[in-house]
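Me: Hi! I have a structure open and would like to talk it through with you. Could you take a look?

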Amino acid sequence: MKQVDFLNKEELAKDRYLGTAKQVSLYTRKRHQVEASSLKVCCQSSRVGWACDTGMANKENELTCSEDLRSVYYNDNCGLPVNSVEASKMTGVGSKYSDHFTELSKDHEAMTHVLFGRNLRLNVALTLWRRNASELVAYLIRIEDKGVLLDCLPVLTKNLQDEAPCVSLGCCVDLLPQLKVVLASKYEEHIIVGLHWVRSVIRKWWPELSTNGKSLQDTCSEDRNIEIMKQRLKDLWKEGTQLCLVPGTTGEVAKAIESYLSQLP
């Protein structure tokens with residue numbers, strides 16, 4: 001009986017152990033199921049809106065990439081010819097107008113050369129003017145440069161309007177033939193510069209010019225210059241009478257000169 005009881009107690013303890021183990025296993029399995037389902041729910045809830053955002057991001061990336069590709073393609077088309085036909089066309093156009101650019105370059109080089117030489121001559125003229133007015137006039141007559149003469153005439157004109165001018169009557173007599181080229185210019189600005197100088201000369205020596213002079217053999221050098229001045233002014237104005245018909249400042253100054261010359265004896 002004791003042996004039976006011992007066996008019964010042993011089996012009972014075994015059954016209790018197995019029951020407890022089953023309960024623990026069941027509890028553990030249910031717990032894992034609950035945690036897995038909870039994790040799944042959390043993942044699903046955390047992914048709400050992901051599908052839309054991902055799609056939008058991909059669409060934006062696609063749009064950006066397509067725009068970049070279009071810009072690259074556009075820049076390539078602008079920078080390089082599409083094919084050899086267009087390249088040959090561009091080459092033909094370039095060769096067609098290359099002569100024009102060559103001519104422009106030559107014109108600029110010629111203008112640079114002219115201005116460089118004119119600047120050098122003006123520097124010489126300034127140096128001579130500071131030394132002596134007669135040396136300047138002699139230099140202008142020698143070089144026969146119309147541009148330099150036009151640059152210097154306003155200075156000489158203003159000096160003649162001073163009470164004690166540096167320019168003498170003899171200098172004006174020598175320079176007067178150069179004015180034919182100036183008055184025959186096609187530019188009105190040049191003509192006006194020349195007319196102002198002629199009028200200043202007449203006004204400066206008008207008292208001497210308006211009097212009857214003696215014979216050249218019996219007069220001094222100053223009187224001789226007056227007579228030469230009269231004759232040269234008359235010769236100059238033979239070609240300048242048409243300037244009186246020009247409207248504006250040119251015509252007004254020309255009429256004033258003609259009025260003076262018409263009174264010469």
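This is a predicted model: local features need pLDDT of at least 70, side-chain atom pairs count only at pLDDT 80 or more; totals for chains, interfaces and linings use all residues.

Me: Which residues is Asp174 in contact with, leaving aside its neighbours within four places in sequence?
Reply: With those neighbours left aside, Asp174 touches Ile141 and Arg232. Contact here means heavy atoms within 4.5 Å.

Me: Thanks! Where is the place of Asp174?
Reply: Asp174 sits in helix H6, residues 169-175. Helices (H or I, at least four residues) and strands (E, at least two) are DSSP runs, numbered from the N terminus.

Me: Let's zoom out. How many helices and strands does the protein chain have?
Reply: The protein chain has eleven helices and zero strands. Read along the sequence, the pattern is α-α-α-α-α-α-α-α-α-α-α.

Me: What share of the residues in the protein chain is buried?
Reply: Buried residues account for 23% of the 265 residues. The accessible surface of the chain comes to about 19,200 Å², and 57% of that belongs to carbon and sulfur atoms. Those areas come from the Shrake-Rupley method with a 1.4 Å probe, and for residues only the protein chains shown count as cover.

Me: What about contacts between residues at least 6 apart in sequence?
Reply: Among those, 66% join residues at least 24 apart.

Me: New topic: how many salt bridges are there in the whole structure?
Reply: A search finds five salt bridges. A salt bridge is a side-chain nitrogen of Lys or Arg within 4 Å of a carboxyl oxygen of Asp or Glu.

Me: Which residue does Asp151 pair with?
Reply: Asp151 forms a salt bridge with Arg118, with the closest N and O atoms 2.8 Å apart. This pair links distant parts of the chain, since Asp151 is in helix H5 and Arg118 is in helix H3, 33 residues apart. Asp151 is partly exposed at 32% relative accessibility, and Arg118 is partly exposed at 28%.

Me: And which residue meets Arg121 in a salt bridge?
Reply: Arg121 meets Asp145, at 2.6 Å from N to O. Here too distant parts of the chain are linked: Arg121 is in helix H3, and Asp145 is in the loop between H4 and H5, 24 residues apart. Arg121 is partly exposed, with a relative accessible area of 34%.

Me: Why does Asp145 count as buried?
Reply: Asp145 counts as buried because its relative accessibility is 19%. The side chain of Asp145 also reaches the backbone nitrogen of Gly147 at 3.0 Å.

Me: What about Lys230 and Glu227, how far apart are the closest N and O atoms?
Reply: They are 3.7 Å apart in that salt bridge. Lys230 and Glu227 are separated by about one helical turn because they are three residues apart in helix H10, residues 221-238. Lys230 is buried at 5% relative accessible area, whereas Glu227 is partly exposed at 22%.

Me: Last one: how many residues are in the largest nonpolar core?
Reply: That core has 45 residues, and Leu195, Trp197 and Met229 have the most contacts inside it. The largest share, seven residues, comes from H5. A nonpolar core is a set of buried Ala, Val, Leu, Ile, Met, Phe, Trp, Tyr and Cys residues joined through side-chain atoms within 4.5 Å. In soluble globular proteins, nonpolar side chains tend to be buried together.

Key
Residues are numbered from 1 along each chain as its sequence is written. Side-chain values use heavy atoms; hydrogens and water are left out. Buried means under 20% relative accessible area, exposed over 50%, partly exposed in between (1.4 Å probe, protein chains only). A polar contact is a pair of N or O atoms within 3.5 Å; within protein, one must be able to donate a hydrogen and the other to accept it, and residues adjacent in sequence count only if both atoms are side-chain atoms.
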